[in-house]
Amino acid sequence: MIFLFIFAIMKDYLLQLNESQRKAVIQINGPVMIIAGPGSGKTRVLTFRVAHMISEGIDPFRILCLTFTNKAATEMRQRIAQLHHNDARNLWMGTFHSIFAKILRIEGHRLGYSSNFTIYDTADSKSLIKKLVKDLIPTSKQKLYKESIVYNRISSAKNKLITPEDYEQNIDMLNEDISNHREKFGFLYAAYSQQCFHNGAMDFDDLLLKTYQLLQRCPDVAYKYQNKFKYIMIDEFQDTNHAQYEIIKILAAVHENLCVVGDDAQSIYAFRGATIANILDFAKKYDDLQIYKLEQNYRSTYHIVNTANEIIKQNKNQLVKTIFTERGEGNPIIELIATTDNDEGRIIADKVFELKMRHQLSNKNFAVLYRTNAQSRAFEEAMRRLNIAYKIYGGLSFYQRKEIKDMVAYLRCIVNPLDEVALLRIINYPPRGIGDATINKLLVKSREQNKSMWEIMQQASLNGFSKRTAEDIETFSYLLKSCQIMLAEKNAFAMAEYIAKHSGIMKELYNDKSVEGVSRYENLIELLNSIKEFTESDVAIDADGVLPDDKSLGSYLQQISLLTDTDNIDPNTLDTVSLMTIHAAKGLEFPVVFVVGMEENLFPSIMSISSLEELEEERRLFYVAITRAQDHLFISHATTRYKFGKLEYSEPSRFIAEIPNGNFKRMKSDRQANLGDRHFTTIPSRSNNIFTRNINNRPKPSPAPLANFKADDTTRLEVGMKILHIKFGVGKVSAMDGVGDNRIAVIQFENEGEKKLMLKFAKLKII
DNA sequence: CGCAAAGCTTATCTG
DNA sequence: AAGCTTTGCG
């Protein structure tokens with residue numbers, strides 16, 4: 001009776017949900033955790049939950065919805081807009097980075113930042129670090145401080161909310177640095193932070209760290225947002241890092257209406273600080289927590305779902321959860337074996353062609369998923385050869401191209417002349433007579449007088465430059481200066497057009513008639529067109545941190561700084577085969593999926609195979625890959641592959657062995673026999689080299705493992721000892737490194753050359 | 001100072 | 001294989 005009554009008054013959208021989905025949607029008060037397996041209707045639950053709140057009379061202005069990627073934010077925003085057209089515009093919905101950037105634009109002056117601060121992308125940060133290393137570290141030690149290593153170290157400190165001051169006090173980090181002979185990390189971190197501040201810039205990690213500091217140091221600001229956001233929802237909670245979690249906790253502290261949605265099995269961002277500890281801590285912190293599990297998979301058929309379950313079972317670190325499907329048995333997973341990376345491309349393209357015919361499918365029903373962006377080339381070439389329309393997502397984004405970064409650097413200099421990274425990028429591009437010697441002199445003067453480089457440039461003649469040089473510098477600074485004056489009255493497009501013409505960039509690219517040069521010129525034009533579009537469009541609800549009617553250059557730069565190429569994945573409007581990394585494919589689904597490059601050292605990546613944690617992350621990544629498929633799943637690998645321009649052997653991924661036999665159709669590799677005829681004549685560019693490759697000269701991998709192999713205890717292993725490895729054969733220890741669990745032996749194998757083995761994992765017999 | 005050629009490094013994933 | 005840096009010369 002009561003149930004009937006409830007159904008009678010139940011809002012019709014609630015009838016579109018299963019029971020656990022519905023419960024999760026209705027429970028809007030208090031802390032809630034939703035564990036959502038792949039294909040379980042997670043986005044649906046999230047959007048309906050917001051819609052439910054709005055129809056319950058909650059002001060959208062008081063709802064905060066945080067996602068991990070722009071892609072997820074855009075999708076959710078569109079879906080909510082469909083349900084609640086007008087109300088949705090006041091919702092605060094976006095990525096962590098974009099929402100925090102929005103808060104920092106408004107409140108950043110409390111920490112000494114101007115509201116037009118620049119956001120550095122990874123390349124900007126690295127170029128600054130590189131320069132600091134050059135200036136501050138003795139030449140002989142510079143190779144220890146590669147910009148990417150320093151950048152990662154700083155990034156991981158920031159994601160743990162460790163400031164430069166904290167760093168100097170942090171025994172763990174200092175000890176780690178000392179044992180790596182990199183004791184200057186802390187010093188570089190401090191120098192980098194200081195320089196960013198002087199430049200009026202924040203990097204991606206600062207958007208988190210500075211937001212945290214802001215809320216910590218300014219209780220009134222914290223109070224303001226704590227009260228504003230009565231309801232908070234976090235998507236992909238398993239991917240949040242420590243900094244993000246701490247900020248969320250502060251924001252939710254007053255109302256505690258916090259809902260997190262995630263799936264520990266799909267956590268694939270630990271490499272940048274995400275931690276499962278957040279999920280565990282969450283359950284501990286809120287004892288009135290309501291937990292809902294969404295385990296029904298609406299996406300895939302049985303063979304796929306069962307494989308996914310069996311794969312993830314291999315991981316030790318996981319919350320137990322089993323997904324199920326009612327979609328029927330479906331097709332078993334099929335293995336494809338190729339001889340080379342190019343061959344793999346052709347096999348997949350052939351298969352796409354065949355399936356399109358056989359099952360009446362269109363291009364957009366197919367996805368090729370790979371571990372690294374570098375793998376895309378072979379598939380691209382193969383698809384093109386068969387005239388199959390494809391699109392590559394990710395990779396070098398439009399905004400990372402040199403010509404675009406150059407142009408954007410000009411725009412950034414106009415809006416924020418303190419931005420030394422941008423200034424150095426364009427000061428002599430196109431060449432205008434300001435060479436290295438002059439630039440160094442400018443920098444020295446600026447440090448001596450404690451003024452920005454920009455200030456020194458404007459008074460070049462007073463700073464002891466030759467007449468000719470001073471003129472060159474002043475001509476350039478006059479150009480920027482005049483643009484700054486125009487800034488107040490001209491829109492972004494007018495500014496960009498002016499600078500493209502007067503800086504010489506446009507002419508420089510136009511005069512380059514090479515193939516690449518023409519494409520660079522076209523890209524510049526495309527950028528200008530997109531800026532024009534920006535100034536003419538009605539930005540309504542889909543641009544965080546931007547006032548709808550603000551068409552200024554500053555507003556434009558803010559909008560693009562957090563954009564990436566993967567944002568615009570809309571496989572439904574274009575009929576193309578999708579090529580992308582598995583990371584980029586998260587959240588998407590396709591009727592036919594090819595997971596390619598399933599080889600040891602590629603997937604799992606060579607970077608991850610020495611630690612259990614990282615290996616488990618690779619396995620979760622495989623889980624994500626598998627669960628993208630709705631009906632057909634193919635797994636492919638090649639026996640040889642080019643790496644760094646060299647042909648190398650590759651063995652099938654260990655993950656293939658983990659696929660249950662009952663769900664898997666292994667393919668006989670009859671292609672091996674054909675090596676040389678069909679394949680190599682179709683690809684002339686490489687077939688020329690066939691006889692110079694040393695395939696046959698190379699020592700073949702050792703024969704099958706010895707059945708009675710028994711590993712010795714390696715704690716007493718030392719330099720000079722001879723050992724036997726189950727796969728690599730006989731070798732001699734040439735060096736040892738590390739202590740305890742991290743001990744590494746460098747071994748010269750008779751047939752395999754030098755290998756570095758982690759003793760924790762390596763199975764060795766001492767002989 | 002600017003240019004071209006030679007040499008060196010690099011390729012995990014992302015906002 | 002490709003991009004970036006260093007080197008050597010006019």
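Analyst: In this predicted model, Lys-228 lies over the face of Phe-61, and the distance to the ring centre is 3.1 Å. A second contact of this kind involves Arg-105, whose charged end sits over the ring of Phe-117, 4.0 Å from the centre of that ring.

Strand β6 comprises residues 231-234 and pairs with β7 in the parallel sense, over three bridges. Within this pairing, Met-233 stands opposite Cys-259 of β7.

Strand β7 itself covers residues 258-262, and five of its five residues are buried, so the strand is largely enclosed by the rest of the structure. In a regular strand, side chains alternate between the two faces of the sheet. In β7, Leu-258, Val-260 and Gly-262 point one way, while Cys-259 and Val-261 point the other way, and all of them are buried.

The cysteines deserve a separate remark. A search of the whole structure finds zero disulfides. Cys-196, for instance, takes part in no disulfide, and the nearest cysteine sulfur, which belongs to Cys-413, is 15 Å away. Cys-196 has a relative accessible area of 1%, so it is buried. Cys-218 is likewise buried, because its relative accessible area is 6%.

The aromatic rings form a further theme. A pair of such rings is described by the distance of the centres and the angle of the planes. The count for this structure comes to 22 aromatic pairs. In one of them, the rings of Phe-534 and Tyr-556 have their centres 5.3 Å apart and their planes at 65°; since an angle over 60 degrees counts as edge-to-face, this pair is edge-to-face. Phe-534 belongs to helix α25 (residues 515-536) and Tyr-556 to helix α26 (residues 553-561), so the contact ties together parts that are 22 residues apart in sequence. Phe-534 counts as buried because its relative accessibility is 5%, and Tyr-556 is buried with a relative accessible area of 2%.

Another pair, formed by Phe-622 and Phe-655, is stacked, with 5.6 Å from centre to centre and 10° between the planes. This pair links distant parts of the chain, 33 residues apart: Phe-622 is in helix α28 (residues 612-626) and Phe-655 in helix α29 (residues 654-657). Phe-622 is buried, at 0% relative accessibility, and Phe-655 is buried with a relative accessible area of 0%. Elsewhere, Phe-237, Tyr-245, Phe-282 and Tyr-286 form one aromatic cluster.

Helix α28, which carries Phe-622, may be examined as a whole. At 1.5 Å a residue, its 15 residues should span 21 Å, and the end C-alpha atoms are 21 Å apart, which agrees. The helix is mostly covered, as twelve of its 15 residues are buried. Among the buried residues are Glu-616, Glu-617, Glu-618, Arg-619 and Arg-620, together with Leu-615, Leu-621, Phe-622 and Tyr-623.

Key:
Residues numbered from 1 in each chain as written. Chains lettered and ligands numbered in written order. Predicted model: local features only at pLDDT ≥ 70, side-chain atom pairs only at ≥ 80, totals over all residues. Heavy atoms only, no water. Phe/Tyr/Trp six-rings, centres within 6.5 Å; stacked < 30°, edge-to-face > 60°. Helix = DSSP H or I, 4+ residues; strand = E, 2+ residues; numbered from the N terminus. Buried < 20%, exposed > 50% of the residue type's maximum accessible area, 1.4 Å probe, protein only. Lys NZ or Arg CZ within 6 Å of the ring centre and 35° of its normal. Pairing = 2+ DSSP bridges. Disulfide = S-S within 2.5 Å. Expected span 1.5 Å × (residues − 1).
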